[in-house]
Structure formats: C-alpha cells, structure tokens
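These are my notebook entries on one structure. I record what I looked up, entry by entry.

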Amino acid sequence: MDVTIGKDGSLIVPTAILAAAGLSSGDQVSIDVSDKTILIVRKSASAHPLSSCGAQETIADAIKKKNLQTGIQFVKGIGPKLAMLLEKRGIRTVEDALYLLPLRYEDRRELIPIARLRTGQPAVFFGTIVSADSVTTKGGRKVFEALIGDESGTISCKWFHANPVWMKRTWKVGRSGVFCGEVSQFGYQREVHHPDAEWLPDGGDPRSVLTADPANFGRIVPIYPLTDGLHQKAMRRIMKEVLDVFLDNVECAIPSQLLPSGFPLLKNALAAVHVPAVEADLPELNEGHSAAHRALAFDEFFYWELGLALKKRGVALEEGIAFQVTHRYTKELVKLLPFELTRAQRRVLSEIKLDMMSPHPMHRLVQGDVGSGKTLVALMAALVAVENGYQVAIMAPTEILAEQHWHTIQRWCSQMGISVVLVTAALKGKARKELLESVADGRAQIVVGTHAVIQEKIEFARLGLGIIDEQHRFGVLQRGILKKKGGNPDILVMTATPIPRTLAMTLFGDLALSVIDELPPGRIAVETKIFFESRRSQVYDMIREEARQGRQTFIIYPLVEETEKSDLKAASQMAEHLEKEIFPSLRIGLLHGRMSLDEKESIMSSFKEHALDVLVSTTVIEVGIDIPNASLMVIEHAERFGLSQLHQLRGRVGRGSARSRCILLTPGKLSEDGEKRLRVMESTSDGFRIAEADLEIRGPGDFLGTRQAGMPDFRVADILRDGTILEQARQAAFGLIEEDPDLSAAGHAALREELGRRWGKRLELALVG
C-alpha cells in the first residue's frame, strides 16, 4: 500500500493504513522524515488489533525491527483482501504465519517418466499436450480433459469446474510443460485431477523448471492448509517473504543445555519445516517426526510444563493444613469392612496420608479403573480430615452419582457416628435451610453433592478437604472455587475414566498422580461380544435365561424419546414394547435423565431389591451404580457411544460372583471408527488400554468432551504423536524450576517474559508477569 503526496503537499494515506495505525481522517499527527522514509507517529497509545505492534511503535518501526507481532497485512505483497483470507485461517500476525505448518509435503525433486507414474502418489512429470477439450461423462457431467504425453506414454488430466474457453486458450495442443499432481486410477485409465503446471518456452529444457521456480518445483514442497480463495502458490510465496524478512528475528529463550541433543534451534526448525532440505526424509516430514517438527513440539510442551511447574510450586509454597493421622476412624472402618484393601489401595492411601500430613495443600489426582475401589480410598482420606475436626466436601458430576456416593459413605459413617449430608439442586425450603445451617456451623462433617456444593450460598465452618470425582467433567475452575471455600483445603481429584499418561501430564501436570492399578480379589472379567441386529432373538433368550437363574439385566438406549430425525430406539418406547410384547412375564423398569430425583431413587431401589428383572435405561447409569446381582449388560446402538462410555457402562456388571456378559448390539452399518471402538471393547477390559485407544480414535479435544477442561491449544505439538517429547519437556521444565524457582537467575529474563506471553492470564502466580 502506497502513501502519495498531493499537489498541496498533503499526505494521501489509504484508509487501511489509517485504521491499522489507529487513526481516522482529520486526525493531527506528527511525522518524522529520514532516509526518504516517512514515519507517521500516532498520538494514541493504543495498538490496532491487526497490527499487534508495541504501543508507541509505528508499523514501519515494527517492520524495521522485524517484530513477529507485525500484522500480516504489512508484509510485502499482502493487501487487505489477502489479509482477510489469511485471517480466516487464523493468521493475523507474522508469528501466526510462521507457526502455520504444512499439512503434508510433496516430493518434486525430480521428473518422472509418465509410464513410471504410480497410482496414489503425487508426482512431477514433463509432457506435451496431445489433445484438450471439454467432454461429457456418462453421468452427463461436463469435464475438461487434456491428454499429456512424453516418450514413455500418456496420462489424462481433468478439471471438473473449469471455464472451457479459458482452458482451451491455456491448454493448447503442442504446448509443453512440467506438471504436478496426485495420480489416481479410473477403470483402466490413470488420471491427474487439477494438476499444477509450469509452461516451457518452445524447445525449453524441462529440467530448467526445477531450478527456475524453486518455491514450487525442484524440492520437497510444503502443502499448506488453505481457505476458499487461497491457493498453494500464493501461500508459498507469502511464507517465503515472511521467512526472508522475519526469520532472523526468531529467538529461543530456552537455555541451550535444556534442549534435547540433535534438536535444531527454534529459528532453524521453523526454516526446515517450511523449506525442507533437498536431502530431507519425506516420510519423516509427513509423519511430523523430523528433527525440526520435534524441536517445535518440545518448545511448545516446554512452556506449558514450565507454567504447570510454577503452579505446582506455588501450591507447594502455600500454607495448608498439616493433618495428624490418629486412626480414630480409619482403623474402625477397616474393621467394619467385609473385605481387605488391595495392595494398590493401601499404596495410594499412604501417598495421600503423606500429602495430608504435609504443611502445604495436597493437590493429588487418583486414577483407577472401573471397580478398583476409589470411593473407599476417598472415604479413608475424608476420615483423616474428620479425625482432625475438619469438614469434607465431595463433588460428583451427576445427582445420581452423588446419591450413590452418599449411600455408600453414609452406610459406613452412620456406624461411626459421623454426620454425612447430601446437597442437591432439588433440595428446597425449610429442609434446605436446615441443611445449610448444619454445614455452616460444622455439624455436617461430610457434605456430598454435585456442583451445588460449590454454590456461593453454601458456607463451611471448617473445610479441610475437597474431593472432586470425575475431574474432567468439572474443569480446573471448580477446583479453584472449592479452594476458596476453606483456608486452603487439601484437594483430592478422582477419575473413573482412566486418562492416558500423556494427557494426564498435559492436563493435570500440576497435580501429583496416584494410580490404583489392581482390582479387588474375586472380580471376574466381563465377557464382551458384538452382536448384529440379525441375532437380536438370541440376546432376548440370554435375558430370559438370566432372569430364570435369578439374575438381572441392564438394557441401555442412547435417547429418551424417538425423534423424526433419528432412527435410534428410545428407552421409553422400547421399555413399553419389551414389557408388553417380548417379556410379558418379566418385571421391567425404566430409568432416564428427565425423571425427578424421587422417581430415579424409587426405580433404583426397586432394582437393588430385585423387585425388577430388567432395567431399561439411558446412560444415566454410566457411573457409580452398584448392583452385584446384575450380570448382563445389553447396549443398543453400541456404535453410537464413545469407548470410555462403553467401558463405564460395562463396569456396571461383573460386581458379583456370577459370570457376567456385555452385549454390544449394533445394526451392522458401522463406520471405520465405530468398528474400531467395538473391536477394542471386545478385545480388552483394561481401562487404561481402552483410554489410549479412545484418545487415538477421537483426539484430545473429543476425548475430554469440551474445551472447558483446560486443554492447551497446541499449534504444532501433538500429545499422541509426541508423547516422548512431552516427557522430555516436562523433565526439563520441572528441573529448571527446581534450580531457579522464580526464574530470576541471570539469563532467564527472556524465558520469564516469553512464559508470561504464552500463558497470559492462565498463570495466576505473582512471580510471573
């Protein structure tokens, strides 16, 4: 964009530059002229969001300094229209462009004879146009087709949405060029759709193209993610300009001794992912395993883990409650139990007790598979707090699970004279007022509930321990609110959904980790089978047989009522169908999320007391329901559920001594991912293996269900692909904070500044920013 000088000597400035500088027509500004460069010095100190330059800094200053926060529209060759297209791809600054990595790479280092072109692979070839014209396919579709040949053979090139007049003018018979595209097979004919072309002058050497256009030929070429209106050639030209002008200004603040051996510096890594060396390994690049890709992943992971290390250290420095383990209640509970604790439970309890005895707040995550006895471990921790005269808050993700916890805990605590109350959203009027008073004056020693527990109106007399069940349904925010309910209470997080180690390190890296990796003795693995719709009658026979032997069955449906858009069988309609037409002699109950608390309670009690043979339910029974007599789980439309959901549902059976089965009923029309999920369920009952498979199939975002969980939005790093690098980055970051707890050592100022920039407001510690 040019600034012109009018006849009267006034500056005529395009509106885009005015807007970027935070100015409007008529503003008074001062200018500075040096070396034929006019610098407009703004009066306002506010930076325009698109320029992202420093407050007192002009756009020209920023570009002179090669500031990575320079707005992308100020890069040479990028006008307002192109800047808008780039913004759709999330590119607002030079830094954004540098971190937009190629989706994949194509090998355009050498010309391949047409006869040797292989289906399914991109290739570069030379040829001359033999024929070119619009043709109509058998389906009546207009296609422009050009036949291109060399000494070894011919290949067809096709365009499906091209202007035939323009194409005929460009693709003339006899014209030669170098072409690039992926080879596909249609019948007996090989084809390339929408190839890139570089035309040759008459008699020109095709090999000259490989050196004449180095951005697009003669090397390994990056293929970038685009948006409508953006093309690969334009994107490569932009990236070349960004690299040429700004790359030298990229600095790595991470001390060199912390970088893994063989990793290039940040500047060199960015250069290598955008412009790979001629000898680079193509498969490594495409898999994201090149040294450059790994260095960039390390850089991202390092700053994330450094923030977590500082948060963890901040907690470690806080003054907490140093509990005394008196065994007044814990030993009494052990005597009441009809079974012994497993070794894994005892080990995790020891870890928790050590944390609770420390003068600093506990922040511990306890992972355990379905049925591993996490609730009992949590209760033992709660009793330590109660022994010391403190209250305990236990948060569950759903009301039905909160009730389940309350029932279990109340059963044991009532025998020891400990007051356990249940807080739910349904609690109203006088009963609610009385319950809140008992929490406020300390009579209620253990308070169980859903998120209602952390509402502002609920005040604790002396909160000493917060237990959060199913952490990634709550998010980090609730942890903070629960902490504010007491004078820095200990926090114990439990998850019944095993979280793969890489995800746990990323998401809960500021928590200490305990794993209950052993099931109680006597638990029999649940046999899991996939049944297609054609075998439904066999499934019904199984249900009858279980009932005949005095055992019970769960039948799970995904929806509560049929909708026009869905072919799913609804629980309410099917319960009626099963009762009247399929199992007239069996006692059938229905449980779903839209029922009132009293209705749910009544149905669950009936099922527990064996007043029902079959419970038809939606996924409200996913976690926490304990019916030892239930030995058969039938999941309708199993392909519609996620792996962790299926695993949780299966965990509702196999809690007694009888052989238990889980039937995954599916219509048979399975997607690739749907089939993978069901096959994993059939092959293993190990929750951690299932979680790893689920993470691979769905990716971190979907695995967690929602962004509220605090998952970082990595630009380059991939926790699935780069698990080993995550470990390295974690060790380096935590080791550095061990040596320099507040990053005040000489040489760490830039690191501290960069950490603050990347974390922003998420790092709520006085020692940063």
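Entry 1. In what order do the strands of the open sheet of 7 strands stand? I read the order as β15-β16-β14-β17-β18-β13-β19, with parallel pairing. At the edges I find β15 (420–423) and β19 (512–516), each with a single partner strand, so one side of each has no neighbour in the sheet. Neighbouring strands of this sheet are turned by 20° against each other on average, direction ignored.

Basis of the entries. The model is predicted, so I note that local features need pLDDT of at least 70 and side-chain atom pairs count only at pLDDT 80 or more, while totals for chains, interfaces and linings use all residues. Residues are numbered from 1 along each chain as its sequence is written, and side-chain values use heavy atoms, with hydrogens and water left out.

Terms. Helices (H or I, at least four residues) and strands (E, at least two) are DSSP runs, numbered from the N terminus. Two strands pair if DSSP finds at least two bridges between them.

Entry 2. I looked up the pairing of β19 with strand β13 (residues 363–368): the two run parallel and are joined by 5 bridges. Gly-368 stands opposite Ile-516 in β19.

Entry 3. Angles run from 0 to 180 degrees between N-to-C directions, and axes are lines fitted to C-alpha atoms, for helices over the stretch in contact. Helix α14 (residues 399–413) packs on the sheet and touches β14 (391–395), β15, β16 (446–449) and β17 (463–469). The direction of α14 makes about 170° with that of β15. Helix α15 (residues 429–440) lies across β14, β15 and β16, at about 130° to β15.

Entry 4. I turned to strand β8 (residues 153–159), where 5 of the 7 residues are buried, so this strand is largely enclosed by the rest of the structure. Buried means under 20% relative accessible area, exposed over 50%, and partly exposed in between (1.4 Å probe, protein chains only). Strand β7 (residues 142–150) pairs with β8 in the antiparallel sense over 7 bridges, and a hairpin of 2 residues joins β7 to β8. Phe-144 stands opposite Trp-159 in β8. Strand β10 (residues 189–193) runs parallel to β8, with 3 bridges between them. Ser-156 has Glu-191 of β10 as its bridge partner.

Entry 5. How do helix α21 (residues 643–650) and helix α22 (residues 672–683) cross? I find that their axes come within 10 Å and cross at roughly 35°. The contact is made by Leu-643, Leu-646, His-647 and Arg-650 of α21 and by Arg-677, Leu-678, Val-680 and Met-681 of α22.

Entry 6. I checked Gln-232, which is found in helix α7 (residues 232–246). Gln-232 counts as buried, at 15% relative accessibility. Leaving aside neighbours within four places in sequence, Gln-232 is in contact with Pro-222, Ile-223, Tyr-224 and Leu-226.

Entry 7. Is Glu-727 buried or partly exposed? Glu-727 lies in helix α24 (residues 723–739) and, at 26% relative accessibility, counts as partly exposed. Not counting residues up to four places away in sequence, Glu-727 touches Arg-501 and Met-505. The C-alpha atoms of Glu-727 and Phe-302 are separated by 9.6 Å, and these residues are 425 apart along the chain.

Conventions. Contact = heavy atoms within 4.5 Å.
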